[in-house]
Amino acid sequence: MTEHPSQSVKFYQTGTHTVGNRLLDETKRTVQASVDRSNAITSGHRACQGCGEALGARYALDSAMRATDGQLVAVNATGCLEVFTTPYPETSWQLPWLHSLFGNAPAVATGVAAAFRVKGRKDVRVIAQGGDGSTTDIGFGCLSGMFERNDDVLYICYDNEAYMNTGVQRSSATPPFARTATTQAIGEAPGNVFGTGKNLPLIAMAHNIPYVATASVADLHDLEYKVTKAMGMRGARYIHILVPCPLGWGSASDATIQVARLAIESGLFPLFEAEHGEVTQVSKIRRRVMAEDYLKVQKRFAHLFRKEGKDVDKIAVVQRMADHNIKRFGLMDEETAQ
Amino acid sequence: MSNTDPKLPYAITLDPGTSLANHTGSWRTFMPVYRDALPPCNNACPAGENIQGWLYHAEEGNYQAAWNVLVQDNPMPAIMGRVCYHPCESACNRKDLDEAVAVHAVERFLGDEALKQGWMPEATHADTGKRVLVVGAGPSGLSAAYHLRRLGHAVTIREAGPMAGGMMRFGIPKYRLPRDILDGEIARIVNFGVTLELNQKVEDIPAAFESEGFDAVFIAVGAHLAKRIDIPAHAAGRILDAASVLHDMETSPEPLQLGRRVIVYGGGNTAMDVARTAKRLGAEEAMIVYRRSRTEMPAHDFEATEAEQEGVLIHWLRTIKHIDETTFTVEKMEIDANGRPQATGEFETLEADTLIMALGQDVDTSFLQSVPGVKIARDGVVDVDEHMMTGYTGLFAGGDMVPSERTVTVAVGHGKKAAHHIDAWLKGQTYVKPAKHPLAAFDKLNTWYYDDAPQLVQPQLDIIRRQTSFDEVIGDLDESTALFEARRCLSCGNCFECDNCYGVCPDNAVKKLGPGKRFEFLYDFCKGCGLCAAECPCGAIDMIPEAS
Ligand SMILES: Cc1cc2nc3c(=O)[nH]c(=O)nc-3n(C[C@H](O)[C@H](O)[C@H](O)COP(=O)(O)OP(=O)(O)OC[C@H]3O[C@@H](n4cnc5c(N)ncnc54)[C@H](O)[C@@H]3O)c2cc1C
Ligand code: SF4
């Protein structure tokens with residue numbers, strides 16, 4: 001069994017926090033540290049400066065390429081990732097890659113997997129991927145079907161919490177109070193409505209599929225471990241990766257990883273793995289921060305931090321969400337949780 | 001590029017091209033550049049050691065390479081790792097994360113390892129045919145001799161005493177600096193090609209130039225004359241001075257008899273060492289009387305703590321007013337708003353058999369009075385210019401005898417600095433120190449990436465043996481713990497090839513050049529997002545505005 005990276009190598013200068021480490025055994029370094037990584041999305045793509053999705057997708061696909069010896073096909077839903085990598089006739093993809101429609105990536109991937117099965121190519125593996133719009137809204141039916149049939153596909157959702165490519169419209173993954181083009185920061189209840197939306201990792205778990213995991217661009221070792229583990233399994237698998245969007249979130253382009261880190265360290269985005277509907281591993285919070293620390297670095301929450309004073313009540317609501325996650329997933333050890 | 005291949009499916013009319021044709025570097029308004037910054041430890045080291053540089057090799061377990069870097073600046077790491085007050089650690093950025101890197105402990109480990117393995121420094125320069133006389137075999141003289149020899153000059157050290165080492169031998173006691181260590185490092189300097197002449201007090205400086213034909217002279221005679229004050233006494237008991245006591249500890253064949261109750265007067269490191277020595281010699285009561293409080297004392301806090309642990313009693317804020325045989329009348333003092341002690345008019349008495357004065361030392365400049373041009377500053381030290389040269393051309397000076405903080409480390413640094421200036425002067429040039437990089441401040445680091453790793457504690461000798469023997473108090477780190485400690489270094493300001501920039505660039509615009517070769521930006525594609533700079537643990541990347 002692959003060992004979770006947080007459990008190994010504590011005493012080196014940087015342990016397993018950095019991408020590489022000259023003192024670390026080659027096998028313990030990330031795929032990203034290697035000069036032989038496949039660079040699944042090559043340079044020249046048109047993602048914004050500091051794009052979390054471009055980064056997260058390369059992280060995930062490079063490690064899937066390593067895990068499958070390069071025998072990999074990716075099916076893409078419509079979305080930023082598709083648009084910024086393939087302004088026809090240019091492409092950034094360094095692996096066989098297919099795009100059909102916004103909503104049907106899971107079904108197309110099911111078909112691709114079936115075709116390879118018929119051809120007897122057990123070695124070729126299939127990944128379907130999309131943003132939160134195609135995953136939680138438009139392609140949700142197809143995805144649920146793919147889960148329910150336990151098709152041999154790893155589906156990866158790159159969650160940037162809104163429709164960024166078309167101008168930052170709300171999706172069912174947009175968090176409460178976030179300003180988007182369709183949930184303006186005006187009126188009595190500015191930003192997105194509280195209590196709506198979907199938690200797709202939990203919904204995926206409810207399908208009892210072999211593997212569900214969450215990951216983020218802030219913890220590369222964890223992300224690579226989960227993708228590698230998923231590629232070692234058969235059947236329907238789901239990984240949900242948090243990828244901050246500087247444009248839509250109103251964060252600095254150099255803060256993409258830091259914002260993702262704050263989401264994790266506040267408890268707002270728990271990192272965990274689940275097999276057949278049961279949580280099997282959680283990543284503990286290392287240096288806890290408050291929800292406010294996460295919110296205040298993003299302009300989409302600027303209305304909670306007006307000059308006249310902070311919106312203490314709403315910030316407290318978000319803090320309660322974080323606290324709830326910490327309890328529910330056991331994100332902190334008993335002593336440190338005090 | 002229209003599609004004419006009938007095998008390609010319908011609806012593909014253009015061959016796909018690569019996005020590499022799209023040079024996104026044109027989007028950039030800020031560009032990342034790699035930089036090297038000065039680590040605070042290096043900046044703080046009076047001996048000018050490249051601490052981060054040698055820790056880098058130690059982290060790999062390549063101790064000899066580490067030691068080779070170390071001895072480029074300091075020929076006595078085993079001594080320094082024991083007696084240096086390590087200003088590097090007070091400056092170390094890691095103290096703001098958990099605790100400073102125990103630089104001294106790793107240095108000591110490397111120094112001891114070198115003595116065990118018999119490592120020799122590499123000679124770097126061919127012989128120049130120039131002859132330099134070094135007066136005094138203390139740390140400053142030894143360091144100067146070593147560096148001058150490295151630079152290719154023939155060096156003779158003349159030492160007035162019977163043994164080399166200066167205050168490292170006749171001041172610092174054995175329990176802090178074992179003599180086999182001291183002897184080992186001095187012997188290595190001599191074996192490196194330096195002539196050492198003992199029992200040779202130098203009295204006539206001009207003669208060294210004129211009749212003996214030395215091309216330059218470096219003097220580092222230290223400060224050995226004990227300061228005294230007069231205390232009204234009805235009938236005084238035994239009064240000694242600290243420097244002589246510590247000196248006699250080395251030379252006297254018989255154990256010294258200091259008496260049952262000893263008062264040491266003073267608050268510097270000498271006072272602490274003498275009191276601790278008295279305790280070890282069997283004094284039932286070893287007391288220190290000092291006129292200010294702990295905050296103002298010149299000794300370091302840990303020295304007072306170690307003394308107290310061994311049972312030394314410190315009477316803060318007291319001056320000795322009168323002595324009547326064994327009865328000492330002391331007056332209580334108060335610190336005023338200016339930090340000065342003021343008399344209170346309240347008195348008490350202490351009983352003791354012996355008084356040891358530890359009030360500091362002056363420089364014996366008598367042999368310099370007649371040397372033309374040499375200027376003695378008001379507090380009795382010798383004036384030197386920024387090249388460490390005295391007013392007499394070709395005569396240089398350093399260490400305790402010139403204005404300085406009076407530590408072994410400063411003395412060693414002076415020796416090195418003087419050697420470079422002497423070398424340049426002998427060649428008719430001026431030595432220019434290489435320009436310093438900007439400081440790698442803590443706020444430039446991204447400390448998320450460093451593992452939590454508190455400092456390792458060196459073992460201490462048990463208290464009974466500390467009170468009764470001269471065995472070394474502070475123990476060694478062993479190999480694995482020294483390695484751990486070296487690896488706590490954050491590599492402030494200088495790339496240590498963690499691959500973060502290479503990994504976090506969303507545009508693959510960082511090229512990895514391979515071990516030891518670092519990285520390169522591919523500016524054709526770098527969009528200038530700044531993620532590499534933000535996520536660089538050690539602050540080795542700057543974002544600078546793009547030239548318009
Ligand atoms: C008790 C005590 C404890 C100390 N503890 C520490 C410590 O823990 N850490 C630290 O960093 N510093 C410590 N110091 C200070 C440190 O020892 C001195 O700053 C340092 O030794 C000065 O070096 P130097 O080479 O200038 O002079 P010295 O070490 O004094 O050496 C001068 C040498 O010149 C010789 N000499 C003098 N006149 C002549 C002459 N005319 N001809 C030939 N030779 C001559 C002397 O015999 C002597 O060997 C301590 C000092 C004392 C007294
Ligand atoms: S962490 Fe290392 S480089 Fe930084 S100040 Fe401390 S010893 Fe020097």
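This is a predicted model: local features need pLDDT of at least 70, side-chain atom pairs count only at pLDDT 80 or more; totals for chains, interfaces and linings use all residues.
A polar contact, as I use the term today, is a pair of N or O atoms within 3.5 Å, and within protein one atom must be able to donate a hydrogen and the other to accept it, while residues adjacent in sequence count only if both atoms are side-chain atoms. By that criterion, a polar side-chain atom of B:Tyr85 lies 3.0 Å from an oxygen atom of ligand 1, and a polar backbone atom of B:Met167 is 2.8 Å from an oxygen atom of ligand 1.

Residues are numbered from 1 along each chain as its sequence is written, chains are lettered from A and ligands numbered from 1 in the order in which they are written, and side-chain values use heavy atoms, with hydrogens and water left out.

Which residues come nearest to ligand 1? Of the 34 around it, they are B:Val83, B:Glu159, B:Arg176, B:His224 and B:Asp400, where "around" requires a heavy atom within 4 Å.

Turning to the cysteines, a search of the whole structure finds 0 disulfides over all chains, a disulfide being a pair of cysteine sulfur atoms within 2.5 Å. For A:Cys51, the nearest cysteine sulfur belongs to A:Cys48, 6.5 Å away. The sulfur of A:Cys157 is 12 Å from the closest one, in A:Cys80, which is too far for a bond. A:Cys157 is buried, at a relative accessible area of 0%, where buried means under 20% with a 1.4 Å probe and protein chains only.

Note on methods
Buried means under 20% relative accessible area, exposed over 50%, partly exposed in between (1.4 Å probe, protein chains only).
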